[in-house]
Amino acid sequence: MADNRYDIVIAGAGPAGLSAAIYALRAGKSVMLLEAAQFGGQIVNTPEVENYPGIKHISGFDFAYGLYEQAMALGAQIAFERAESVEDLGDRKIVHGVKNDYEAGAVILATGAKNRPLGLEAEQRFIGHGISYCATCDGAFFRGRVVAVNGGGNTAIEDAAYLAGICEKVYLIHRREQFRGEERAVEALRGRGNVEFVLNATVTDLFPDEAGERLGAVEVTDKNSGETRRLDVACLFVAIGQIPENSGFADVARLDEKGYIAAGEDCLTGTPGVYTAGDCRTKTVRQLVTAASDGAVAALAAASMLDAK
Ligand SMILES: Cc1cc2nc3c(=O)[nH]c(=O)nc-3n(C[C@H](O)[C@H](O)[C@H](O)COP(=O)(O)OP(=O)(O)OC[C@H]3O[C@@H](n4cnc5c(N)ncnc54)[C@H](O)[C@@H]3O)c2cc1C
């Protein structure tokens, strides 16, 4: 424990956490990043990023690696272990990791969110190769193609509307008859000539294309009749929700009804010295650019709080 003292401990080395590290280090603070899996977060799963301002085209891994290298070159330290909880001792915080404890003057929670998976065996294999969890990010790669969206909430409806504007055809697969999303948006979607609603149906299998490398078709099963149907699609956009994993931090950060950390653009939680950044916090746009900007805001707030002591 004696050596595990830092100005700022950051839970999560995704785009938000790494951006926070860069800003904190440049503000003269010592930083320890705790990462439960691999650095880079969700973005390492996508082969192409084309919407980060200033970078025309980059792979998700290269983007993440660039951030990681930049943070490391500035002197960040990283430990590959999950942060389980934060103990608030006033001016000091103890971050309890799976293996070690870390002491800090300030903590930034940047634990992101996981897309809720379909739970099908072949799913992992096609992520980034015809399975996407982000239509805003990946839709443009399927311009003029036939795609499917799975989900019944606002995200799925918005995704289907966006894709209908650029794709030849969109199947909207939903396990119920009624949508959870806005009725007006559903009606607007019904008016589009290239959207086919596949209702009371679940995605039950995934098939490769002829080359065997990318997704080529999905199987849907009607919940009432049990009949199956094969839809040839270039991509399946899965929009069945995200899962934040913040329950361990509920003592120091209020969670909203969905489990996201309730904080606004200022990235402040209710506990002095505990900040949050990126996809793990309550927000409407979950993208690289918003994660990076949260990282900057949280780190600079933490640094000035420490300077004021
Ligand atoms: C397939 C895909 C494609 C995408 N494409 C784009 C795109 O083209 N453009 C774009 O702008 N956005 C895109 N996004 C969204 C973008 O990846 C996210 O908005 C961004 O990664 C959020 O960054 P984050 O750091 O907040 O969270 P995350 O990326 O989720 O990173 C959080 C990190 O924290 C770690 N972690 C979680 N819990 C703990 C814990 N308790 N202790 C320690 N570590 C923990 C995780 O392992 C992870 O590494 C895409 C997302 C996906 C899934």
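Close-up 1. Helices here are DSSP runs of H or I with at least four residues, strands are E runs of at least two, and both are numbered from the N terminus. The model is predicted: local features need pLDDT of at least 70, side-chain atom pairs count only at pLDDT 80 or more, and totals for chains, interfaces and linings use all residues. Residues are numbered from 1 along each chain as its sequence is written, and side-chain values use heavy atoms, with hydrogens and water left out.

Close-up 2. The 12 residues of α1 should span 16 Å at 1.5 Å a residue. The expected span is 1.5 Å times one less than the number of residues. The end C-alpha atoms of α1 are 17 Å apart, which agrees. α1 is mostly covered, with 10 of its 12 residues buried. Buried means under 20% relative accessible area, exposed means over 50%, and partly exposed lies in between (1.4 Å probe, protein chains only). Among the buried residues of α1 are Pro15, Leu18, Ile22 and Leu25. An α-helix has 3.6 residues a turn, so residues three or four places apart point the same way. The buried residues of α1 pack against β1, β2, α2, β6 and α7. Contact means heavy atoms within 4.5 Å.

**Close-up 3. The largest nonpolar core.** A nonpolar core is a set of buried Ala, Val, Leu, Ile, Met, Phe, Trp, Tyr and Cys residues joined through side-chain atoms within 4.5 Å. The largest one has 36 residues; Ile8, Ile10, Leu33 and Ile108 touch the most other members. At least two residues of this core come from each of β1 (5-11), α1 (15-26), β2 (31-34), α2 (60-73), β6 (101-109) and α7 (288-307). What does Ile10 touch, beyond residues up to four places away in sequence? The list is Gly17, Ala20, Ala21, Val31, Met32, Leu33, Leu34, Ile108 and Ala110. A second, separate core holds 23 residues, including Phe142, Ala160, Ala234 and Ala239.

**Close-up 4. Phe142 and its contacts.** Phe142 sits in the loop between α4 (135-138) and β9. Phe142 counts as buried because its relative accessibility is 6%. Setting aside neighbours within four places in sequence, Phe142 contacts Val147, Cys167, Arg214, Ala234, Cys235 and Phe237. Thr276 is 134 residues from Phe142 in sequence, and their C-alpha atoms are 34 Å apart.

**Close-up 5. Strands β9 and β10.** β9 (residues 146-150) is mostly covered: four of its five residues are buried. β9 pairs with β10 (residues 169-173) in the parallel sense, over five bridges. Strands count as paired if DSSP finds at least two bridges between them. Within this pairing, Ala148 has Tyr171 of β10 as its bridge partner.

**Close-up 6. The three-stranded sheet.** This open sheet runs in the order β12-β13-β14, with antiparallel pairing. Which strands lie at the edges? They are β12 (201-208) and β14 (228-232), each pairing on one side only. Neighbouring strands are turned by 25° against each other on average, direction ignored. The axes are lines fitted to C-alpha atoms, for helices over the stretch in contact, and angles run from 0 to 180 degrees between N-to-C directions. β12 and β13 (residues 215-222) pair over seven bridges. Ala201 stands opposite Asp222 in β13.

**Close-up 7. Ser225 in the β13-β14 loop.** Ser225 is located in the loop between β13 and β14. Its relative accessible area is 46%, so Ser225 is partly exposed. Ser225 and Asn200 are 25 residues apart in sequence, with 9.6 Å between their C-alpha atoms.

Close-up 8. A disulfide is a pair of cysteine sulfur atoms within 2.5 Å. How many does this rule give? The count is one disulfide. Cys134 and Cys137 form a disulfide, with their sulfur atoms 1.8 Å apart. This link is right-handed, with 65° about the S-S bond. Cys137 is partly exposed, at a relative accessible area of 25%. Cys235 is buried, at 1% relative accessibility. For Cys280, the closest cysteine sulfur is in Cys267, 8.9 Å away and too far for a bond. Cys280 is also buried, at 0% relative accessibility.
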